[in-house]
Number of protein chains: 2
Amino acid sequence: MRYELYYWPEIQGRGEFVRLALEEGGADYVDVARRRGYGANAMMKFMASERAKRAPYAPPFLKAGKLIIAQTALILHYLGPRLRLVPRREADRLWAHQLQMTITDLVKEVHDTHHPISTALYYEDQRPAAKRYTGEFWRHRVPKLLGYFENVLAHSRGPYVFGRTVSYVDLSLFQIVEGLRYAFPKRMKRFEKKKVPRLIKLHDAVAERPRVAAYLQSERRISFNEWGIFRAYRELDG
Amino acid sequence: MRYELYYWPEIQGRGEFVRLALEEGGADYVDVARRRGYGANAMMKFMASERAKRAPYAPPFLKAGKLIIAQTALILHYLGPRLRLVPRREADRLWAHQLQMTITDLVKEVHDTHHPISTALYYEDQRPAAKRYTGEFWRHRVPKLLGYFENVLAHSRGPYVFGRTVSYVDLSLFQIVEGLRYAFPKRMKRFEKKKVPRLIKLHDAVAERPRVAAYLQSERRISFNEWGIFRAYRELDG
């Protein structure tokens with residue numbers, strides 16, 4: 001099966017969680033909007049198409065044969081067993097999916113650090129709110145959310161959330177650490193070793209996996225930038 | 001199977017989407033924290049319990065035999081086929097789950113109309129941001145999100161997202177309309193008939209279903225109030 005991923009071609013964004021799974025799973029896939037001569041316009045056209053009776057609300061979405069699947073966590077839930085990135089038992093699949101949905105919640109809050117009022121406004125037009133939001137985010141939300149995953153890893157005994165077997169959840173947690181380091185280098189440095197050592201070990205274990213390492217070195221990995229979820233605004237780094 | 005729902009006993013909140021499914025599905029269930037002498041403390045204790053190796057991040061969560069399932073959309077994905085509240089085909093189950101996850105996104109945005117900066121702060125301490133957020137929410141987000149569901153209903157030909165068969169997604173959309181009417185009576189009145197007539201028909205069809213109607217009249221249905229997701233702050237109603 002050749003999978004087709006539809007996502008914005010210029011950013012990691014939410015699509016990156018899917019890209020990491022496709023890469024680690026050794027999937028045959030096309031990152032459609034990044035193909036020469038295709039781009040985001042054709043993706044948007046596809047979404048709006050009248051023929052698409054079950055049109056996705058937003059990218060990313062995955063075409064798998066006749067199926068079109070949107071919502072990052074759902075794409076991963078679908079791909080998980082097919083790419084051997086989740087154990088087979090139903091209870092394990094549900095657990096992975098539940099963790100991934102909590103990562104989705106976290107990603108939304110990361111996004112809101114620079115856009116707390118509206119995505120229809122520029123960052124510059126919501127800067128005071130962004131500063132205040134970000135302060136609260138690091139005071140309350142990061143400790144609570146990352147602390148939750150740290151506790152999950154304490155129970156699994158690591159390095160991964162299912163112990164020794166890697167899952168798509170681990171790839172996403174790797175990306176969370178990468179992103180927070182990019183967007184908030186000072187805050188994250190102060191936080192990470194003291195508060196979430198198991199999460200950092202997980203990050204390092206994922207980074208060393210041959211397929212992930214090869215992907216990160218490749219041109220397929222888009223660099224972080226100021227259009228994605230994780231943005232490095234110095235004034236928000238406290 | 002007797003299901004156990006764990007959720008805050010004083011509010012509709014996210015738990016209400018599950019309650020509606022349990023009620024319409026005719027499930028045998030206990031709303032645990034609402035039992036006399038139980039309450040939210042015991043729920044929190046359960047969550048923090050060391051024995052709970054796979055502790056939920058937050059309520060609501062459902063106990064189904066030995067399984068503990070958190071995240072509203074995942075609970076509904078699990079209950080759907082068991083309560084005959086979703087068609088059996090995999091493509092249909094995925095589609096319902098995807099729509100429900102988009103409802104989750106909308107619910108978070110509704111919550112942020114009164115708490116755009118932080119849940120750790122009182123509404124009164126983020127009132128100017130809340131006003132601005134709410135303005136943008138009604139200008140851009142409500143038309144886009146509810147418009148998306150309106151389009152889904154145009155394709156399904158209604159009254160429900162799967163046509164003539166009700167699903168848990170419809171119950172949740174009913175709750176969205178109920179909640180927006182409670183929280184923003186003036187804004188919703190201006191919006192609903194002109195912009196989302198199909199969604200309003202869906203709402204009315206759900207409200208007339210005998211089990212839903214009986215539930216809404218019962219003491220099991222908690223009233224809307226100023227602690228839940230949907231809150232009626234007059235100054236936010238434009």
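In this predicted model, the buried residues of helix H3 of chain B are covered by elements that include helix H4 (90–114) of chain A together with helix H1 (15–24), S3, S4, H4 and H6 of chain B. The buried residues of H3(B) are Thr72(B), Ala73(B), Leu74(B), Ile75(B), Leu76(B), His77(B), Tyr78(B), Leu79(B) and Gly80(B). Because nine of the 11 residues of H3(B) are buried, this helix is largely enclosed by the rest of the structure.

Among the elements that cover H3(B) are S3, S4 and H6 of chain B, and each of these can be described in turn. Strand S3 (residues 61–64) and strand S4 (residues 67–70) of chain B pair in the antiparallel sense over four bridges, and within this pairing Leu62(B) stands opposite Ile69(B) in S4(B). The two strands form a hairpin with two residues between them, and Gly65(B), which lies in the turn, has a positive phi of about 60°. Helix H6 (residues 168–183) of chain B has 16 residues and reaches 23 Å from its first C-alpha to its last, which is close to the 22 Å expected at 1.5 Å a residue. Since 13 of the 16 residues of H6(B) are buried, H6(B) is also largely enclosed by the rest of the structure.

After H3(B) comes Arg84(B), whose phi is positive, near 55°. Arg88(B) is placed in the loop between H3 and H4 of chain B, and it counts as exposed because it has 9 C-beta neighbours inside 10 Å. Arg88(B) and Asp112(B) are 24 residues apart along the chain, and their C-alpha atoms are separated by 35 Å.

The largest nonpolar core has 139 residues, of which Leu5(A), Ala21(A), Ile69(A), Leu5(B), Ala21(B), Ile69(B) and Tyr168(B) touch the most other members. Domain 1 (2–82) and domain 2 (90–236) of chain A both give residues to this core, so it lies between them. When residues up to four places away in sequence are not counted, Ala21(B) touches Leu76(B), Leu79(B), Leu83(B), Leu85(B), Tyr168(B) and Leu171(B).

The C-alpha centres of the two domains of chain A lie 21 Å apart, and 18 residues of domain 1 are in contact with 21 residues of domain 2. On the side of domain 1 of chain A that touches domain 2 of chain A, the elements that give two or more residues are helix H1 (15–24) and helix H3 (72–82) of chain A.

Between the chains, 29 residues of chain B are in contact with 29 residues of chain A. S4, helix H3 (72–82), helix H4 (90–114) and helix H5 (127–156) of chain B each supply at least two residues of the side of chain B that touches chain A, and the largest share of that side, eight residues, comes from H4(B). Because 100% of the interface residues of chain B are also interface residues in chain A, the copies meet through the same surface.

Two copies of a chain are related by a rotation about an axis and a shift along it. Here, chain B can be laid on chain A with an RMSD of 0.0 Å by a turn of 180° and a shift of 0.0 Å along the axis, and that is the relation of a two-fold axis. Of the residues of chain B, Pro116(B) comes closest to the rotation axis, with its C-alpha at 3.2 Å.

Technical notes. Residues are numbered from 1 along each chain as its sequence is written. Chains are lettered from A and ligands numbered from 1 in the order in which they are written. This is a predicted model: local features need pLDDT of at least 70, side-chain atom pairs count only at pLDDT 80 or more; totals for chains, interfaces and linings use all residues. Copies are superposed by least squares on the C-alpha atoms of residues with pLDDT of at least 70 in both. Two residues are in contact if their C-beta atoms, placed from the backbone, lie within 7 Å. A nonpolar core is a set of buried Ala, Val, Leu, Ile, Met, Phe, Trp, Tyr and Cys residues joined through C-beta atoms within 7 Å. A residue is buried if 20 or more other C-beta atoms lie within 10 Å of its own, exposed if 12 or fewer, and partly exposed in between; C-beta atoms are placed from the backbone. Domain bounds come from an automatic or database domain assignment. Two strands pair if DSSP finds at least two bridges between them. The expected span of a helix is 1.5 Å times one less than its number of residues.
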